[in-house]
There are 4 protein chains.
Amino acid sequence: MALQVAVCGPRECSETERSTAHDVGRLLAEAGAVVLTGGGGGVMAAASAGARAAGGLVVGVLPGGRDGANPHVSVALATGLGEARNAVLVASADVVVVVGGSWGTLSEVALARRRGTPVVTIGGWQVRDADGSELPDGPRAAATPEEAVAAALAAAGAR
Amino acid sequence: MALQVAVCGPRECSETERSTAHDVGRLLAEAGAVVLTGGGGGVMAAASAGARAAGGLVVGVLPGGRDGANPHVSVALATGLGEARNAVLVASADVVVVVGGSWGTLSEVALARRRGTPVVTIGGWQVRDADGSELPDGPRAAATPEEAVAAALAAAGAR
Amino acid sequence: MALQVAVCGPRECSETERSTAHDVGRLLAEAGAVVLTGGGGGVMAAASAGARAAGGLVVGVLPGGRDGANPHVSVALATGLGEARNAVLVASADVVVVVGGSWGTLSEVALARRRGTPVVTIGGWQVRDADGSELPDGPRAAATPEEAVAAALAAAGAR
Amino acid sequence: MALQVAVCGPRECSETERSTAHDVGRLLAEAGAVVLTGGGGGVMAAASAGARAAGGLVVGVLPGGRDGANPHVSVALATGLGEARNAVLVASADVVVVVGGSWGTLSEVALARRRGTPVVTIGGWQVRDADGSELPDGPRAAATPEEAVAAALAAAGAR
């Protein structure tokens, strides 16, 4: 079975985040990975479009019905679970790449780290402990799509 | 997006059911449908193998982790939801084809009919009301894989 | 911890079913059991009202938000899971009592039997195998609320 | 229906966190609130014990079976959903009180804020945006159990 990589990020995102997510999706598809997303707009749609443009397979794991899917998914899992679908999305991923920040996105980071699934972020929110120190097992930060995808593939391969 | 058809049936099945499920998977893939299953053995594995042999795309929606997937799925959604994944599988399907009977399979029939999703059965269990009468909105019975797939595609198209 | 008994049945029910469900809820509360229901109307509301009138504790396990709860629940679990909540409800029960039939109710019967959880029905739908024979591990039928609750308590105690 | 307050925090916690959680549970029960927790050990068990000691009602929303419940829950919802139960727990709460930090706890903070549910933390992890700035809609920090419970009750009442 191919590597499965979740790309997570906010529905409402900047043009830079959209472009970054598109590149992440494209690079993952070029590496032969299946791209999983939450199936919605913004970062999710951009990563999906990038992956599809490179001939990749994209699975949207939606909170509600299939009519909420962006037009770039190959398959739409209409979970009907609401935000509990974030746990389903993360549980299906070998590694998670995050572009940008939102509360929903943060829940995916946290659920992934709870499972021990590696997370690579580009421009995402920061998490600190109660003293303001960095966490030893937090996500790895990357500066570019190329660096993020390379780190994600390395982390998935190392598991 | 392609039509999404769930094929449901018991993990422990007869050779006849296995052969029937293989044919159902093949016919669905030949018709261009994405095949969704619960990702396990028996009917699920046979339908997946049939679809893959015909070049189809197969998504396994698993109750637990990816290591429970049969070898024929293209993508494994490791929901971690236990039997609640039956609701996720059914919610993602345009139509459900059932081969054989089990309590888990019956829950998928019931959850599909609860949603108004059409169900076509080959050799599945029967459901009657408290008086023993047939239900007006029960699954449609088919005698062969060809008849079942034709009925499923017609029902999905008519929605 | 007290015994936890799920009472399942349709939202739209007859006056007889409503009265039966009220008695079932009352008898369960009098026996010291916590009553779990799907939190909605019809059989669910009647069983909850019966249990509360006898001083019992009632937990509604809702498919959506708390505003969908009937007025008789002590606690409302607003799962947001849609019909996947049926699996959550059943998984939390030592035994399931069913009053009347519907597709949603049938999914709860099937999910309970899939887990090996005992089910007692009053006037519920019938399930037969492909040949029309009775299933060896199907629900037990009861004729009255008293008989149903006695059978449920015995089955839960025997586990 | 009574106010429903989720108390979240790590399974492995310090003695200070345990004592804080016990006081939070007690104060919530004294205020008439139903206490919801994840049903496990550490902060969850301490808050449950505090609430029960004050005569309160405690619902444990467990990731797996009922045998994973701490001895202080009044009712155990054995969701079988794995970490997806975090979303169920949060969706059922009018307000969330967090004691201490962990990845699972952070997922509950994030899922709550995603829904707009107020969150009050005592000693929890910090979340910053990509620039390291505080988020405008982040949790409110409290220094003591008394302050946390007062803030939680006020926030729930203001919704």
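Buried means under 20% relative accessible area. W103(B) has a relative accessibility of 7%, so W103(B) counts as buried. The model discussed here is predicted.

## Aromatic pairs

A pair of aromatic rings is described by the distance of the centres and the angle of the planes. Over all chains, the structure holds 4 aromatic pairs. One of them joins W103(B) to W125(B). Its geometry is edge-to-face, with 4.9 Å centre to centre and 85° between the planes. The edge-to-face label applies because planes over 60 degrees apart count as such.

The partners sit in distant parts of chain B. W103(B) belongs to helix α4, residues 103-115. W125(B) is in the loop between β6 (119-122) and β7 (126-128). The two residues are 22 residues apart.

Chain D has an aromatic pair between W103(D) and W125(D). Here too the arrangement is edge-to-face, with 4.9 Å between centres and 80° between the planes. W103(D) lies in helix α4 (residues 103-115) of chain D, and W125(D) lies in the loop between β6 (119-122) and β7 (126-128), so the pair ties together parts that are 22 residues apart in sequence. W103(D) counts as buried, because its relative accessibility is 7%.

| Aromatic pair | Centre to centre | Angle between the planes |
|---|---|---|
| W103(B) and W125(B) | 4.9 Å | 85° |
| W103(D) and W125(D) | 4.9 Å | 80° |

## How the copies are related

Two copies of a chain are related by a rotation about an axis and a shift along it.

## The largest pocket

Rolling a probe the size of a water molecule over the atoms shows where empty space is left. The largest pocket has a volume of about 370 Å³. It is lined by 21 residues. Closest to its centre are P10(B), R11(B), S102(B), G104(B) and T105(B). The largest share, 4 residues, comes from α4(B). By type, the lining divides into 6 nonpolar, 8 polar and 7 charged residues.

**S14(B).** This residue is in the loop between β1 (4-8) and α1 (15-30) of chain B. S14(B) and G100(B) are 86 residues apart along the chain, and their C-alpha atoms are separated by 8.7 Å.

**T105(D).** Helix α4 of chain D holds T105(D). Its relative accessibility is 3%, so T105(D) counts as buried. Beyond residues up to four places away in sequence, T105(D) touches C8(D), G9(D), P10(D), V98(D) and G100(D).

**T121(A).** Strand β6 (residues 119-122) of chain A contains T121(A). T121(A) is buried, with a relative accessible area of 10%. Which residues does T121(A) touch, not counting residues up to four places away in sequence? They are V98(A), P139(A), R140(A), A141(A) and A142(A).

**L28(D).** Helix α1 (residues 15-30) of chain D includes L28(D). With a relative accessible area of 0%, L28(D) is buried. Leaving aside neighbours within four places in sequence, L28(D) is in contact with V5(D), V7(D), A33(D), V35(D), V149(D) and L153(D). D129(D) is 101 residues from L28(D) along the chain, and the C-alpha atoms of the two are separated by 32 Å.

Key
Residues are numbered from 1 along each chain as its sequence is written. Chains are lettered from A and ligands numbered from 1 in the order in which they are written. This is a predicted model: local features need pLDDT of at least 70, side-chain atom pairs count only at pLDDT 80 or more; totals for chains, interfaces and linings use all residues. Side-chain values use heavy atoms; hydrogens and water are left out. Rings of Phe, Tyr and Trp (its six-membered ring) pair if their centres lie within 6.5 Å; planes under 30 degrees apart count as stacked, over 60 as edge-to-face and the rest as tilted. Buried means under 20% relative accessible area, exposed over 50%, partly exposed in between (1.4 Å probe, protein chains only). On a 1 Å grid over the protein atoms alone, a cavity is a set of points where a 1.4 Å probe fits but cannot get out, and a pocket is an open set with protein on both sides within 12 Å along at least five of seven lines; lining residues have an atom within 4 Å of a point. Grid points are joined across faces, edges and corners, and a volume is the space filled by probe spheres set on the points. Ala, Val, Leu, Ile, Met, Phe, Trp, Tyr, Cys and Pro count as nonpolar, Asp, Glu, Lys and Arg as charged, and the others, Gly among them, as polar. Contact means heavy atoms within 4.5 Å.
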